[in-house]
Amino acid sequence: MSTIRKTKRKRVLNGLPRRRFLAGAAILDVLSTGVTIAQMMFLSQIVAAVFLLHKDFALVFPQLLLLLGTIILHAGCVWGRDVSVQYGAIRWKNAVRQRLFAHVLQLGPSYSKNEATGELVTVLYEGIERLDAYIGQYLPQLTTSILVPFLIAIFVFPLDWISGVLFLLTLPIIPLLMILIGSFAEQRTRQQWQALSRLSATLLDAIQGLGTLKLFGQSTSASKQIAFVSDSFRKKTLNMLGVAFLSGAVLEFMVAAAIGLIAVTLGVRLVNGGISFSNVFLILLLAPEFYRPLRELGVQHHAGMEGKVAMKRINEILAIPLPMDRKTFSPFVLSAPLTITFSDIAYTYPTSEQPVLDRINLTLSPGTCTALIGRSGEGKSTLVHLLMRFIKEQSGQISVNGCALSDLPVEMWRNSIALVPQRPSLFAGSVLDNLRLARPDASEAEILRACEQAGAAAFIEQLPQGYATWLGERGARLSAGQIQRLAIARAFLKDAPLLIMDESTSSLDPESETHIRQALERLTHNRTVLVIAHRQNTIACAQRVISLEAGTLIERETAERMVLPPYKVTPHVSDRAQRIEVSS
């Protein structure tokens, strides 16, 4: 399992455009290092000529021009490297965000309903943004920390092999220190990320449930909870920064000690005549450049840990296999009318031992309306999610016009479904934008006709800008009944051969409900309709009533049509009180 996960993760990362700009940064690092070495050579020669040989300005002027040229060229290399890595990091972040969001969309609601919305939003926004420092600073600096010391060491060895050996002996101390502190710092960074995700989820829940909190007078309690979670995030952040500051201080001390050791060794040998002044001065100029990439890597290590933790969470999501694969099929299969057959369907959730659906056998015929009833938690939504291919059946088969549903392309199959949920989702945008989610290419005449059939045209025309009226998040400014009518209008506009309704008239007034029911009866012609029913008047218009109890289906006769099994009254412990229980 771990091997499969690692393979998938590697494939995810290699599929993104990061190697190109990292290779460009490495080439510029090599060029910049060569220019730096030349710059230090010219500087040491100028100092030796002026202070030891007492040459005048005219004699060292050509070398000064060369020194100026290397300074300008070095600045150009650094500028080009920074621009390259930042441009590449922006492209890479954009590619990761698009792939991650597309993957979450393909996973569907069966995945998102088991995840905290606030945590997913944090990954999609804050997690992606933390990749900026990781991709744009840490990874290029990691490459620089390998190349630059290696090139400088190659140059120093012919000048003085003793200094080269000291460079190589002191070099591993810094990476070893970073590795020892890195595991501890990564653990603190992971804790800080978890605290941030929890804070985001708590804030989102509080904002979405603001009305409920005010109604029950729990605003103060919610404020205390947010303060507690925020304080936990503060503590985790300070702990992480404390480790980062400590590692930075130790790293600076080790680098200073290494440079000091090399300087003392060179000074003693210079006094004894074992090395020339020009070589001593050149090596001393190159020593800070030798350790500089590692010092900068230590500075970027904190940002690298944050990006690494975020990337780990992103890879966990991207490594989740998609529920369905793209198939090829004959187009005539999805042509109306549709006959849908459930054959021995079974499904058990991972967190439960009892199957929520157990050997379900059901046929949905075209031109008929089938009402599916049952208590909450009996598996009605699971059956609908199987039909919409949000999840996959664990045994049995669902077939459409004789063809296995698993053999149909997911996108094309869902284009054949019109869904009217009990709590429809509207998005920030105009009324027209929300209606055209069903059919982006629909004409204005088709939209007007769909709204009239759904009983939504009257209230839409009364809005300030009519169909161009901007709706807030989750359909703000509209009542629950108006939101539901827009959802029904989308179903009319889509004109799909399969219609799934989840008590879609529950928020309508009696007059509008009658109008919608008449329209729905016309809509069922040559269509397959499945209604998740909770009320008696919804069942009245269905040709079939199926009850889902304990994971099995029970066909009910017309006289037995009722939403739930009968209730019974049982005596309480106190003879002055009674409680109502649902019969088993």
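These are my notebook entries on a few places that I looked up in this structure, which is a predicted model.

**Entry on the record.** I began with the UniProt entry, which is unreviewed, and found that it places the feature "transmembrane region" at residues 21–53, 59–79, 138–159, 165–185 and 240–264. I then checked two of these stretches in the model: residues 59–79 are 100% helix and 0% strand, with the end C-alpha atoms 32 Å apart. For residues 138–159 I noted 100% helix and 0% strand, and here the end C-alpha atoms are 32 Å apart.

**Entry on the sheet.** Next I followed an open sheet of four strands, whose order I wrote down as β2-β1-β4-β5, with antiparallel pairing. Because β2 and β5 (403–404) stand at the edges and have a single partner strand each, one side of each is left without a neighbour in the sheet.

**Entry on G367.** Where does G367 lie? I found G367 in the loop between β2 (357–364) and β3 (368–373). I counted G367 as partly exposed because its relative accessibility is 33%, and partly exposed covers what lies between the buried limit of under 20% and the exposed limit of over 50%. Last, I noted that G367 and R527 are 160 residues apart along the chain, while their C-alpha atoms are separated by 4.8 Å.

Notes. Residues are numbered from 1 along each chain as its sequence is written. This is a predicted model: local features need pLDDT of at least 70, side-chain atom pairs count only at pLDDT 80 or more; totals for chains, interfaces and linings use all residues. Side-chain values use heavy atoms; hydrogens and water are left out. Helices (H or I, at least four residues) and strands (E, at least two) are DSSP runs, numbered from the N terminus. Buried means under 20% relative accessible area, exposed over 50%, partly exposed in between (1.4 Å probe, protein chains only). UniProt positions are given in the numbering used here, feature names are shortened, and annotations may be inferred rather than shown by experiment. Two strands pair if DSSP finds at least two bridges between them.
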